[in-house]
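The following exercises concern one protein model and its ligand. Please inspect the sequence and the coordinates before working through the solutions.

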Amino acid sequence: MAKIGAIEAGGTKMVMAIGDEKSNISEREEIPTTEPKECIPKMVEWFRLRNIDALGIGAFGPTAVNPKDPRFGHILITPKTAWINCDLRGPFLRELNVPVGYDTDVNVACLGEAVFGAAKGLSNVIYVTIGTGIGTGVMIEGNLLHGMLHAEAGHIHVERVPGDDFKCNCPYHDCCLEGMAAGPAIEKRWGKKGYELAGNDKVWDIESSYIAQGVATYILCYSPQKIVLGGGVMKQEQMFPQVRQKTLKLLGGYLVTPELDDIDNYIVPAGCGGDQGILGSLELGRRELEK
Ligand code: ADP
Ligand code: ZN
């Protein structure tokens, strides 16, 4: 049985794991995301001691994920300035001399959901994380979408919900989904953390109106067979019925499919018990080894 390594490279912490080809995780460790020159050698060493056969990395973005891009495996422009233009993949490839798969954190989470989770067995899947930011992983015909960069569908323009005068929290956009609906926007708009607002219906009415705009747009653009919604904010599961109904309303009856007729099984919560990212990275490593 091959030994596969996985990294979920996040802005605050790095999760490392070891698993086999069947994605049984045997070991896991977390370290804080400090500066690359400190953080990367620590991770390289951790994997070196464990003699892995391949590695999969899911990284925070923006990052270059297209293997044809000369910057492949590098973090690009990011508010975490120490990481700008950092080659995250290269050191593992050189030091460990094993195949290294590389993609965004949300693309690997999408892979995790499509192989093991709520979208198991499907090949056209969107995974949306609604947390500190809003990110989308996109799988089309079994392949994770790369192209010019990767999807940044959390930053689509949304229509302001009537009565909501919140100033968009995104430094780039006037009224984008992330700026209006990610966790920090909820906190700023209401002066409390999301989990403290659980009983306030108005909060989730506005929130679900924004999320539904994203979901409806993704359905129209990507034609997914399932949409999986994860991230801290979606722990407010009472929002699911509202997101589903508002999405259908926005679609206006234009699309008629068995999937949309069964909306409760079409727009669904994440299904890997919070492990979609690390399981997806493991699967990415396994696929890299198979190549
Ligand atoms: P990250 O996006 O940083 O990986 P999370 O997905 O956990 O991490 O998202 C963190 C965001 O989700 C924070 O803004 C937090 O306030 C919000 N959040 C976490 N738990 C809940 C909850 N139970 N209800 C509403 N919002 C929550
Ligand atoms: Zn934005």
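**Exercise 1.** Determine which residues His-150 touches, leaving aside those up to four places away in sequence, and describe its setting.

*Solution.* Step 1: With contact taken as heavy atoms within 4.5 Å, His-150 touches Pro-62, Thr-63, Val-65, Thr-104 and Leu-145, residues up to four places away in sequence not being counted. The model is predicted: local features need pLDDT of at least 70, side-chain atom pairs count only at pLDDT 80 or more, and totals for chains, interfaces and linings use all residues. Residues are numbered from 1 along each chain as its sequence is written, chains are lettered from A and ligands numbered from 1 in the order in which they are written, and side-chain values use heavy atoms, with hydrogens and water left out.

Step 1: His-150 belongs to the loop between β8 (143–144) and α4 (177–181); helices (H or I, at least four residues) and strands (E, at least two) are DSSP runs, numbered from the N terminus.

Step 2: His-150 has a relative accessible area of 12% and is therefore buried (buried means under 20%, exposed over 50%, partly exposed in between, with a 1.4 Å probe and protein chains only).

Step 3: A polar atom of the His-150 side chain lies 3.2 Å from the backbone nitrogen of Thr-63. This is a polar contact, that is, a pair of N or O atoms within 3.5 Å; within protein, one must be able to donate a hydrogen and the other to accept it, and residues adjacent in sequence count only if both atoms are side-chain atoms.

Step 4: Pro-62, one of the residues touched by His-150, lies in the loop between β4 (54–59) and α2 (90–96). The peptide bond from Gly-61 to Pro-62 is cis, with omega near -5°.

**Exercise 2.** Characterise the packing of helix α3 (residues 105–116) against helix α9 (residues 276–290).

*Solution.* Step 1: The two axes come within 7 Å and cross at roughly 85°; axes are lines fitted to C-alpha atoms, for helices over the stretch in contact, and angles run from 0 to 180 degrees between N-to-C directions.

Step 1: Helix α3 is therefore roughly perpendicular to α9 (under 35 degrees counts as roughly parallel, over 145 as roughly antiparallel, 65 to 115 as roughly perpendicular and the rest as oblique).

Step 2: Residues making the contact include Val-108, Leu-111 and Phe-116 of α3 and Leu-279, Leu-284 and Arg-287 of α9.

Step 3: The residues of this contact divide into seven nonpolar, five polar and three charged. Here Ala, Val, Leu, Ile, Met, Phe, Trp, Tyr, Cys and Pro count as nonpolar, Asp, Glu, Lys and Arg as charged, and the others, Gly among them, as polar.

**Exercise 3.** Is Glu-141 buried or exposed, and what is its phi?

*Solution.* Step 1: Glu-141 is in the loop between β7 (134–140) and β8. Step 2: Its relative accessibility is 59%, so Glu-141 counts as exposed. Step 3: Phi of Glu-141 is positive, about 50°, although the residue is not a glycine.
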